[in-house]
Amino acid sequence: MELRGKKVIAIGERDGVQATAIAEVAKSAGAEVLLELNQCFV
Amino acid sequence: MTLDAAYPTIRGVACVLVHAPGLLRYGSKPSREIGKDGVLSKVQGALRSFDDAVAYPPNQVFIGNHAPEALWDVPEPWWRSGIAGAKPRGPFGEIVSEDELWGLMRLADEFGLVRVGDERLARARELLARGGLWTDADLERVVRPTQRPAGANVSALERSEAPTSGGDGALQLYAADGSHVGSVGHGYPDDATQTPDVLLENLACKASGAAAIRSLLRQLALDPREIDYVLGCGEEAVGDRYQRGGGSISKAMAEMAGCALATGSDVKAFCCAPVHALVMAGALVQSGVHKSVVVVGGGSLAKLGMKMLGHLAKDMPLLEDCLAAVAILVGPGGASPVRLRLDTVGKHTVASGGSAGAIYAALVTAPLERAELRLTDVDKYAVELHNPEITVPAGSGNVPRTNYRLIASLAARRGEIGRDEIDAFERRHGMPGFVPTQGHIPAALPYLAHALPRLRDGTLRRALFIAKGSLFLGKMTNMADGMSVLVDRAS
Amino acid sequence: MILGAAEPDYVEMMAETVTAGDPTYTGPLAGVSLGLPVYHVTEPEMKALSDPAVYRDQIELSELAMETERIWERVRQARGRTETA
């Protein structure tokens, strides 16, 4: 599995891992983040 | 007993539930599902009676007849463990019936928007009189004839059948048993922000919030004219097409509650607003601008029946059938040992970022370090106290538990507890969720009602109130928000 | 797709939705198989590919608090179905 050069959609949850955190991680692995979405279930 | 005038104090908290099973069909999720085949009859079949809502253990906790921690020992499912002899009044709250709700809606209505049949209004008036929260003048207003909107074709409005309405048709109101109650009309013609469903939502919020203020005033034996300022912290939007979120439902509530010498404004920060508002109320009092500030959050009609699909799938009653409202009075310190620690406010900033580590550093570690406290020095953390019996069957998890695990993990990372103590943290420093899923209402503050007597008698030293807000839902930012404040006992 | 939800049931539902199709058959992706590779941000594969300092700052606390085993089980199941399809 490789992330470098791949495109990523990050779907986070407010009380889980938020989308911006996922995006930081993905970017640090060389991915391009297309979309950051957060969900809240309450 | 040491007193401390360097901080404002909490003088009282009131927690009110308004049982509204008939309005559940107009919650956001139900209104989108009810058009589908067979859903309405399933919903009708799963509504709870007033007695069941009163006996429901989390609701008894909400009004103060039991401590939140008592729920650990109540056999699950809680909805099958109704408390025998449960009363609709508690030390700091009450559960209002749907029969009374129709009267409260008429009381909240200044524009002839709400029509309710005379018999139901007479019944509401009688019950509201017995409940003892309202004045004789209020009770007269409950049964006053609805003023006809000028030039309106009234009979067409009254007969229109739209279950939801985008045009000028009225929204029909039904009781829990499906019988017709009346209707809610449209505001300004051709104003999409004043459709009957929007006005219904705002009136329900106003009515429940004002009821919470009245409950608070009665609890403290306070003249309503003692209140200087009312800070709203709900998530409704009051306005018209030129100013959709104009606001100040707080002042409308103050008027309905008889607080003739108050003005008000609304704090808007999604579910984080209550803690923002509590801090602001404290700051207004401590600076001497006002002496008595009420923080109030009205109920959220939009959230009724939010998790209905999960409940129906599991043959559960529809537990999201109550509008929940909270009112808190903040006053000058010095006469009470309870302190609202304005020097320990945790804030989540724009730069904080979205990682759990950064969020909890801002909301927990930073303020506690300022107060020279360890995480384990806080007796109780009040987080978002959503009732897990509502959220878990719908796949939305146990929100308080998730938050307690995060705080515990933080404590473990700091070496204050062992990793093997993370699970036990919620029992030691937390509580089961017990609050209806009404957005800003579960945001920490209902626990303040329980904490207050314990802070006064010394069985609790300090509690940290943490709220979070999902700002990203409004599509203006991807950020969340958070704020925390410590409430403790001078020693 | 990289997911961050804390609840295993929810992770499973989202992973299914972007692979085989919406398991609840209620949304616009009902019956649509996107077959997208889906991971949870706490999975060892994600950790191995990321900058360790970034991963530690962004994910570590959440990872400690989540039921990672159950989450990984669910997302691997959904991924397994795509890989064999």
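This chat goes over helix packing, domains and a chain contact in a predicted model.

Reader: What are the ground rules here?
Author: The model is predicted: local features need pLDDT of at least 70, side-chain atom pairs count only at pLDDT 80 or more, and totals for chains, interfaces and linings use all residues. Residues are numbered from 1 along each chain as its sequence is written, and chains are lettered from A and ligands numbered from 1 in the order in which they are written.

Reader: At what angle do H5 and H6 of chain B pack?
Author: About 95 degrees, with their axes 8 Å apart. Axes are lines fitted to C-alpha atoms, for helices over the stretch in contact, and angles run from 0 to 180 degrees between N-to-C directions. H5(B) is therefore roughly perpendicular to H6(B) (65 to 115 degrees). Helices are DSSP runs of H or I, at least four residues, numbered from the N terminus.

Reader: Which residues of H5(B) meet H6(B)?
Author: B:Asp99, B:Glu100, B:Trp102, B:Gly103 and B:Arg106. Contact requires C-beta atoms, placed from the backbone, within 7 Å.

Reader: Switching to domains. How does chain B divide?
Author: Domain 1 is 16-221 + 294-326, and domain 2 is 338-489. The bounds come from an automatic or database domain assignment.

Reader: How far apart are the C-alpha centres of those domains of chain B?
Author: 29 Å. In chain B, 29 residues of domain 1 contact 23 residues of domain 2.

Reader: And chains B and C, how many residues does the contact take?
Author: 14 from chain B and 12 from chain C.

Reader: Which element gives the largest share on the chain B side?
Author: H15(B), with 7 residues.

Definitions and conventions. Two residues are in contact if their C-beta atoms, placed from the backbone, lie within 7 Å. Helices (H or I, at least four residues) and strands (E, at least two) are DSSP runs, numbered from the N terminus. Angles under 35 degrees count as roughly parallel, over 145 as roughly antiparallel, 65 to 115 as roughly perpendicular and the rest as oblique.
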